[in-house]
Amino acid sequence: MLKFVILLSVVACAFGAAIPEGLLPQLDGRIVGGTATTIGNYPYQISLQRNGGHSCGGSIYNSRVIVTAAHCLQGVSASALRIRAGSSYWNSGGVVISVASFKNHEGYNGNTMVNDIAVVRLSSALSFNGNIKAIGLAGSTPNNGVAAVVTGWGTLKSGGSSPSQLQKVDVNIVGRTQCQSGTYSYGSEIKATMICAAGSGKDSCQGDSGGPLVSGGVQVGVVSWGRGCAAPKYPGVYSNVAELRSWVANNA
């Protein structure tokens, strides 16, 4: 599923009808197996909002730039977007800033989900404090099995509404080679710009798209897609930040 929600609970496919549905990453889910948390623990997390509703997650790259997923920004204008930072709740607190512009990776492909990353430029700068901080991007891909955490306001049940309070879930990195192997069911769908992560009964899901996967104090992934949520054969799939870091730096 694309881990993406518009106006809380409306499931919307980012692809055209010409693509057979069986080939699409299916939309479904929630942060599975996670717990409520506070923004002070994850001050780099933001809520990317369309027309006043939570749509996707994102992370603070610097005071004026947010990193998110390219699929979160399909069919939308910058004027319809804003971000909320510095709050545990997507719908209150912290600061709300409108979006001046955004740029999707030129190589983003909605069929294969390669290069699913984008940068969002804010209309005014964030003021950093204990609840608003930037996070560095990983310079190398983490090893298979390394512990990681993913955060977001994804729905708690399929088709349901988003929780108002930030959720977090602990997972472990599944290396690209392992994610392509017969242990799982993705095979060659996992490309160099992707990294997987999973935990027993734990996953990111719909509404978490664009949010950060963090390990060792740096962002290693951007929530992108998957099939099912917390399904044994289908880890969550993330954009591999180490592979895409130079693009972010050049376009921020």
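Accessible areas come from the Shrake-Rupley method with a 1.4 Å probe. In this predicted model, the chain exposes about 9,300 Å², and carbon and sulfur atoms supply 48% of that area. Buried residues make up 52% of the 252 residues in the chain. Let's take a friendly tour, starting with the overall fold and then visiting some residues one by one.

**The fold as a whole**

- The chain holds 2 helices and 13 strands.
- Of the contacts in the chain between residues at least 6 apart in sequence, 73% join residues at least 24 apart.

- Ile66 stands opposite Val120 in S7.

- Gln45 lies in strand S2.
- Is Gln45 buried or exposed? Its relative accessible area is 1%, and buried means under 20%, so Gln45 is buried.
- The side chain of Gln45 makes a polar contact of 2.5 Å with the side chain of Thr151.
- Leaving aside neighbours within four places in sequence, Gln45 is in contact with several residues, including Ile39, Gly57, Gly58, Thr151 and Trp153.

- Trp153 sits in the loop between strand S8 (147-152) and strand S9 (167-174).
- With a relative accessible area of 0%, Trp153 is buried.
- Which backbone oxygen does the side chain of Trp153 reach? That of Ser88, at 3.2 Å.
- Trp153 and Ile46 are 107 residues apart along the chain, and their C-alpha atoms are separated by 9.6 Å.

**Ser209, in another loop**

- Ser209 lies in the loop between strand S10 (194-198) and strand S11 (212-215).
- The relative accessible area of Ser209 is 0%, so Ser209 counts as buried.
- A polar contact of 2.6 Å joins the side chain of Ser209 to the side chain of His71.

- Asn51 has a positive phi, near 50 degrees, and is a residue other than glycine.
- You can find Asn51 in the loop between strand S2 (45-50) and strand S3 (53-62).
- Asn115 is not a glycine, yet its phi is positive too, at about 55 degrees.
- Asn115 belongs to the loop between strand S6 (95-104) and strand S7 (118-122).
- For Asn115 the relative accessible area is 14%, which is under the 20% limit, so Asn115 is buried.

Notes:
Residues numbered from 1 in each chain as written. Predicted model: local features only at pLDDT ≥ 70, side-chain atom pairs only at ≥ 80, totals over all residues. Heavy atoms only, no water. Helix = DSSP H or I, 4+ residues; strand = E, 2+ residues; numbered from the N terminus. Buried < 20%, exposed > 50% of the residue type's maximum accessible area, 1.4 Å probe, protein only. Polar contact = N/O pair within 3.5 Å; in protein donor to acceptor, adjacent residues only side chain to side chain. Contact = heavy atoms within 4.5 Å. Pairing = 2+ DSSP bridges.
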